[in-house]
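Please look over the model shown here before reading the numbered points that follow.

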Amino acid sequence: MGKRTVIPFGPQHPVLPEPIHLDLVMEDERVVEALPTIGFVHRGLEKLCEKHDYIQMIYVAERICGICSFIHGLGYAQAIEEIMQIEVPERAKWLRTFWAELSRIHSHMLWAGLLADAFGFESLFMHSWRVREAIVDIIDETAGGRVIFGSCKVGGVRRDVEDKKLGEIRSKISEIEKQFDELYRVFDNDTTVHKRMDGVGVMTKEEAYSLGAVGPTLRASGVASDARLLNYGVYSELEWEPIVETAGDCQARCIVRLREIYQSFDLLRQVIDKIPAGPIEVDRIKGNPDGSYMSRLEQPRGEVCYYLKGNGGKNLERFRVRTPTFANIPPLVHMLKGVELADVPLIILTIDPCISCAER
Amino acid sequence: MSEVFEVTELEASKLAETAKQHRGEGYRLVQVCANRLPESFEILYSFDRKEQLVNYRVEVPAEGATLPSISESYLAAFAYENEIKDLFGIEVTGLVLDFGGNFLKTKVKTPFADAPPPPKKKIAVKKVAATEDAENSDAKEPAPKGPICEPAGPYVPQPGDDKAEESENKPADNTEEKKES
């Protein structure tokens, strides 16, 4: 038995986009155990529901995280609409799906860049973020903000996108897809990428399911689980299937996300072709939420659950978000056992950690 | 088309047994959520299999709250139960991986443990018609016309205050001094 030491990883580390602390119990170069500690970005956002009313809370929900902000707002809005039985206009649902898929593309591209940076491929990181800028420009033109969209509200959406603009975006998406093809070829074929990622951090199907993994972390181990299968929004009217890989290693998790980018491009084209005309918001929202509901959505990182409970007052009684990164912490702890120290940053990044989401 | 949300009441003593049963049936743990009520804590457990959600609500008293852990059946529950322990102060017994209050570090210990604020009392507002207002008004003087501006800053000149006159003259003196220098 080799000598055991404890190496503190984080909260400040060049590879981490957000602070998380892991105590790595090492035996020579191998990790025996990893003990996580979170709370560096805890802002107590759930407790703010006591101060802000249910209409204003959507803006707090959107600001839980910068990368996955739109779907946070969407999940909150859907839960309130279910409690208060608000019927959202059709065009609003399609626009929400449009922005949700744009959000997924930009998040996955950001992650692809960070992953490339994690194993030292800086030029790939730069190019990923360069291609991402085109998507962020589309989001900026349609929603008004690059990071925080601010376009979802209870009862609909805050702004409309003209059909002419949607047509322009459709042709822009095809151009962006061609640029993204080059990046996909590198992730899929490059020898150095394979050398770093093949066979690293393997998680079997049974382990992933029993440890509560969600999102691409689960789908890369062979489980076809996607919260969009719940048919919220307009996903029942679109043609798509969950992207699944079976290897369960870092390369599989990477390929699942990159293939999801292609899938989101296709979903965007379907949404733009099928979006109906009509109003984008309900006329008036009367009353206060009284009851509870849990809405589940698919964020780029996995399944997110929004549990909202109202008691008839204008402030919610409880606002609880179970984010995908929080659900992926136990699988992460499992994956880190037995790996070498140099692979630790890579494995942490392959679960796509969004610590702001995990801690709220 | 949205999924149905139904919650079943469950006693804390039967929690571990129910979790074990669901584990055997192939359910995965989705989330564990705690909520502080005026006199108790309510904890919501959610399990899912093939996109079907099953929810249980367990209620424990606020004073001396203890909850049996389900981490023997669902190892993933250690994250949720440690979070509940750190945020709400609920004692979870039988945790497989117990961080002893150090999982989610906050500046204030158990920040969510306090009872919720009481509902605000509604103040009855008597609506008075516009024509009655002028007749029944208690104001002795008519409201002043135009905006009322109060000077900002630490010193507010009072009427009959000599210093006020001096402070008005000061800027002029300063400019004269500067010209001389």
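1. Among the contacts in chain B with a separation of 6 or more, 48% are accounted for by residues 24 or more positions apart. The model is predicted, and this value, like those below, should be read with that in mind.

2. The secondary structure of chain B consists of four helices and six strands, and when these are read along the sequence they follow the pattern β-α-β-β-β-β-α-β-α-α.

3. Of the 181 residues in chain B, 36% are buried, while the chain exposes about 12,500 Å², with carbon and sulfur atoms supplying 52% of that area.

4. Turning to the interface, 39 residues of chain A are in contact with 42 residues of chain B. The size of an interface is often given as the accessible area lost when the parts come together; between chain A and chain B the buried area is about 3,600 Å², and carbon and sulfur atoms give 58% of it. On the side of chain A, A:Tyr209, A:Met294 and A:Arg296 supply 16% of the area buried against chain B, which is more than any other three residues.

5. Polar and charged pairings also occur across the interface of chain A and chain B, where eleven residue pairs are in polar contact, both residues being at pLDDT 80 or more, and where four salt bridges are found. In a salt bridge between B:Glu83 and A:Arg320, the side chains meet at 3.3 Å, N to O.

6. By class, the side of chain A that touches chain B comprises 17 nonpolar, nine polar and 13 charged residues.

Methods. Residues are numbered from 1 along each chain as its sequence is written. Chains are lettered from A and ligands numbered from 1 in the order in which they are written. This is a predicted model: local features need pLDDT of at least 70, side-chain atom pairs count only at pLDDT 80 or more; totals for chains, interfaces and linings use all residues. Side-chain values use heavy atoms; hydrogens and water are left out. Helices (H or I, at least four residues) and strands (E, at least two) are DSSP runs, numbered from the N terminus. Buried means under 20% relative accessible area, exposed over 50%, partly exposed in between (1.4 Å probe, protein chains only). Contact means heavy atoms within 4.5 Å. Accessible areas come from the Shrake-Rupley method with a 1.4 Å probe; for residues, only the protein chains shown count as cover. Buried area is the accessible area (1.4 Å probe) that two parts lose on being put together, summed over both. A polar contact is a pair of N or O atoms within 3.5 Å; within protein, one must be able to donate a hydrogen and the other to accept it, and residues adjacent in sequence count only if both atoms are side-chain atoms. Ala, Val, Leu, Ile, Met, Phe, Trp, Tyr, Cys and Pro count as nonpolar, Asp, Glu, Lys and Arg as charged, and the others, Gly among them, as polar.
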